[in-house]
Amino acid sequence: MRIIGYFDDHFEPPAPFFHVVFRSKSLGLSYPLDVHADTGSSVTIIFDKDIELLGIDVRKLRKAERNVGGVGGMVDTYVIDDAELLFRTHDNKIRIEKLLLFVGKHDLAGLSPIESDMIMRVPSLLGRDILYRFILVCDKRKEKVYLERK
């Protein structure tokens, strides 16, 4: 079983991404997202751009036990307990992965418009909590990105 990804050329160098459908019954959501495959991220997390796109009110979510930190600093972090990511496989089947989905919300107050714009460009991340369930192939020379399970 293989899940085919792609390289997003908006990043330099191009970054590996996957199309998913994020689903949460408790939030009444089923929505397509593009997530960056990030082996540096311990957890799968959606950020401000997708939070806004999905209309998620973080005040209605459970606060995570700890905030997540990264290159952009610490972010207020919440959890969606009943999250599912739906992947389309190479043979057109749907693969469902259940997870605790983290939601990272930056405090944009006091930031300049340029800083806020940069934060709103940060992609949501497919972290090691999901990536380790598969073999990840990321070969830019051959233009191949995929997740595989045998």
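1. In this predicted model, the side chains of Ser-124 and Asp-50 are joined by a polar contact of 2.6 Å. The side chain of Ser-124 also reaches a backbone atom, the nitrogen of Phe-47, at 3.2 Å.

2. Where in the chain does Ser-124 lie? Ser-124 belongs to the loop that runs between helix H2 (113-120) and strand S10 (125-126).

3. Is Ser-124 buried or exposed? Ser-124 counts as buried because its relative accessibility is 1%, and the cut-off for a buried residue is under 20%.

4. The surroundings of Ser-124 may be listed next. When neighbours within four places in sequence are left aside, Ser-124 is in contact with Asp-34, Val-35, His-36, Ile-45, Ile-46, Phe-47 and Asp-50. Two members of this list, Phe-47 and Asp-50, are the partners described in point 1.

5. The secondary structure of the chain consists of three helices and 12 strands. Of the contacts with a separation of 6 or more, 58% are between residues 24 or more positions apart.

6. The radius of gyration of the chain is 15 Å, which agrees with the value near 15 Å that a compact globule of 150 residues would have. The C-alpha trace spans about 45 × 35 × 25 Å along its principal axes.

7. Of the 150 residues, 43% are buried. Carbon and sulfur atoms hold 53% of the accessible surface, which comes to about 8,900 Å².

8. As for charge, the chain carries 23 positive and 23 negative side chains, and 7 Å separates the centres of the two sets.

Definitions and conventions
Residues numbered from 1 in each chain as written. Predicted model: local features only at pLDDT ≥ 70, side-chain atom pairs only at ≥ 80, totals over all residues. Heavy atoms only, no water. Helix = DSSP H or I, 4+ residues; strand = E, 2+ residues; numbered from the N terminus. Rg over C-alpha atoms; globule rule 2.2 N^0.38 Å. Buried < 20%, exposed > 50% of the residue type's maximum accessible area, 1.4 Å probe, protein only. Contact = heavy atoms within 4.5 Å. Areas by Shrake-Rupley, 256 points an atom, 1.4 Å probe, with all protein chains shown as cover. Lys, Arg positive; Asp, Glu negative; His and termini not counted. Charge placed at Lys NZ, Arg CZ, Asp CG, Glu CD. Polar contact = N/O pair within 3.5 Å; in protein donor to acceptor, adjacent residues only side chain to side chain.
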